[in-house]
Structure formats: structure tokens, C-alpha cells
Amino acid sequence: MNRKLQSDRTGAAAIEMALTLPVLLLLLFGAYEISRANMIMHGCEAAAYEGARVGIVPGATVAEVNDAVNEVLATIGIGNANVATTPVNLDTDTETVQVSIEVSFADNFLLAPVFVGSAPFVRACEMTRENF
């Protein structure tokens, strides 16, 4: 009798797997994408902060600010980020330095662009310039 019950359920495991595997994979990829989005958001904030810290020092240049930002972004694998420093020319009359970073979803995520589109992350940091 036990053998009869076992033979009636031979395809049940395959059907259950076919129904649950897509849900499991969606949850796993969703968790990965949310974690990646969180990492990119905080990485952009840290990069903007580091760039602004470099820019507020007297004698700093926009090239040095961009180098500091790109160094932080490269450590976490963010590609194709648009970095904008305001003002464009840092001189002794500059009162504040603002660094803005824009990161595209399409260039840094696997599945999110399919659902979210191409809305970018934008993070900025503004600091008062040091005067000695």
C-alpha cells in the first residue's frame, strides 16, 4: 500500500518546484537589487562628502575634487557617474563648495531598470570653504 501512494506523487515534487522556484528567485534577486541600491546610495553620499572635503581646502582644484570622488566610487564599483562641482572654478573668493553625483540605474543594476526605468540616484554635499 505504501508503494502505491509513493507512485501517485512522483510528479508532485516537480510541479511544486516549478511553482515555487520563480517566486524564490524573484525574492533573491529583489533582495540583491535593494542591497545594491542601498550600497550605491551610501557610496554616492560618501563620495560627495569626500569630494567636498577636498574642495574646501584653500588651493584645491576641481580636478582634485573629481579625483577624490572617482576614487571612492571606484572602490564600490559604481560606473558612469556624473560628477558636478559648483562653482566650476575654485578660488579664494569661493564661499561654499557643492559636489553633486548622479548615478544611472541602467549602468549599475541588473533588474531594476526593467521595473524602475532610468531614474538616477542624485546625491550632493555642500560645505563652507576653509579660510586661513
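Which residues does Ala 47 touch, not counting residues up to four places away in sequence? The legends below take up this residue and three further views of a predicted model, in which local features need pLDDT of at least 70, side-chain atom pairs count only at pLDDT 80 or more, and totals for chains, interfaces and linings use all residues. Residues are numbered from 1 along each chain as its sequence is written, and side-chain values use heavy atoms, with hydrogens and water left out.

View 1. Ala 47 touches Val 69, Val 72, Leu 73 and Ile 101 when residues up to four places away in sequence are not counted, contact meaning heavy atoms within 4.5 Å. With a relative accessible area of 0%, Ala 47 is buried (buried means under 20% relative accessible area, exposed over 50%, partly exposed in between, with a 1.4 Å probe and protein chains only). The C-alpha atoms of Ala 47 and Ala 68 are separated by 7.4 Å, although the two residues are 21 apart along the chain.

**View 2. Packing of helix α2 against helix α3.** Helix α2 (residues 12-55) and helix α3 (residues 62-75) have axes 8 Å apart and pack at an angle of about 155°; axes are lines fitted to C-alpha atoms, for helices over the stretch in contact, and angles run from 0 to 180 degrees between N-to-C directions. The two helices are therefore roughly antiparallel to each other, a term for angles over 145 degrees. The contact is made by residues that include Gly 43, Cys 44, Ala 46 and Ala 47 of α2 and Glu 64, Val 65, Ala 68 and Val 69 of α3.

**View 3. Salt bridge between Arg 123 and Glu 45.** A search of the whole structure finds one salt bridge, defined as a side-chain nitrogen of Lys or Arg within 4 Å of a carboxyl oxygen of Asp or Glu. The side chains of Arg 123 and Glu 45 meet in it at 3.2 Å, N to O, and the pair links distant parts of the chain, 78 residues apart, with Arg 123 in strand β3 (residues 121-128) and Glu 45 in helix α2. Arg 123 counts as partly exposed at 23% relative accessibility, and Glu 45 counts as partly exposed at 35%.

**View 4. Thr 86 in strand β1 (residues 81-86).** Thr 86 is partly exposed, with a relative accessible area of 45%. Leaving aside its neighbours within four places in sequence, Thr 86 is in contact with Thr 96, Val 97 and Gln 98. Of these, Thr 96 lies ten residues from Thr 86 in sequence and 8.2 Å away in space, C-alpha to C-alpha. Helices (H or I, at least four residues) and strands (E, at least two) are DSSP runs, numbered from the N terminus.

Definitions and conventions
Angles under 35 degrees count as roughly parallel, over 145 as roughly antiparallel, 65 to 115 as roughly perpendicular and the rest as oblique.
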